[in-house]
Amino acid sequence: VNPLRFIKARDFELAWIDAKTFLDTEAPQSEVRDHQDIFVNEPRLSDFKQVLMKAGLQVEFSGGVLICDNAIAIRRNEPGHVSLEGPVSEAFYKVRSLLYEQYAVV
């Protein structure tokens with residue numbers, strides 16, 4: 001058995017498990033497949049604004065869009081989807097990193 005990688009998400013710990021079940025006595029083949037990352041948690045933009053401000057970034061809401069350093073737009077397009085738009089810069093990668101930290105990735 002490969003060790004499980006647990007990720008903390010609020011009050012829970014999660015891990016990805018990929019398994020096959022067998023009804024007879026045939027031994028399973030050792031096969032581990034990669035999987036697409038799953039992002040758990042759905043941070044609210046108002047909470048994320050506080051995270052960005054604590055990181056020293058200038059942040060404001062404008063029409064439901066979170067604007068960071070007058071260049072980076074963070075918006076919720078639909079449930080479960082957050083978009084990040086802006087010029088490629090150090091600030092963009094900092095905001096992206098902080099956004100990813102809000103999720104548990106399994």
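Modeller: Just after α1, G56 takes a positive phi of about 90°. Helices (H or I, at least four residues) and strands (E, at least two) are DSSP runs, numbered from the N terminus. This is a predicted model: local features need pLDDT of at least 70, side-chain atom pairs count only at pLDDT 80 or more, and totals for chains, interfaces and linings use all residues. Residues are numbered from 1 along each chain as its sequence is written, and side-chain values use heavy atoms, with hydrogens and water left out.

Biologist: Which residues of helix α1 are buried?

Modeller: In α1, residues 45-54, the buried ones are L45, F48 and L52. Buried means under 20% relative accessible area, exposed over 50%, partly exposed in between (1.4 Å probe, protein chains only).

Biologist: Why do they line one face of the helix?

Modeller: Seen down the axis of α1, the buried residues fall within an arc of 55°, so they line one face. The arc is that of the directions from the helix axis to the C-beta atoms. An α-helix has 3.6 residues a turn, so residues three or four places apart point the same way.

Biologist: What do the buried residues of α1 pack against?

Modeller: They pack against β4 (59-62), β5, β6 (72-78) and α2 (90-101). Take L52: leaving aside neighbours within four places in sequence, L52 is in contact with L57, V59, L66, C68, I74, V95 and L98. Contact means heavy atoms within 4.5 Å.

Biologist: C68 next. Where is C68 placed, and is C68 buried or exposed?

Modeller: C68 is in strand β5, residues 65-68. C68 counts as buried because its relative accessibility is 0%.

Biologist: What is C68 in contact with, beyond its sequence neighbours?

Modeller: Outside four places in sequence, C68 is in contact with L52, L57, Q58, V59 and V95. C68 and K49 are 8.8 Å apart in space, C-alpha to C-alpha, and 19 residues apart in sequence.

Biologist: Which members of the largest nonpolar core touch the most others?

Modeller: That core has 14 residues, and F48, L52, L57, C68, I74 and V95 touch the most other members. Two or more residues come from each of α1, β5, β6 and α2. α2 gives the most, with four residues. A nonpolar core is a set of buried Ala, Val, Leu, Ile, Met, Phe, Trp, Tyr and Cys residues joined through side-chain atoms within 4.5 Å.

Biologist: On to the strands. How many bridges join β5 and β6?

Modeller: Three, in the antiparallel sense. Two strands pair if DSSP finds at least two bridges between them. L66 stands opposite I74 in β6.

Biologist: And β6 with β7, how many bridges there?

Modeller: Five, again antiparallel, with β7 covering residues 81-85. E78 has H81 in β7 as its bridge partner. The β6 and β7 hairpin has two residues between the strands, and G80 in the turn has a positive phi of about 85°.
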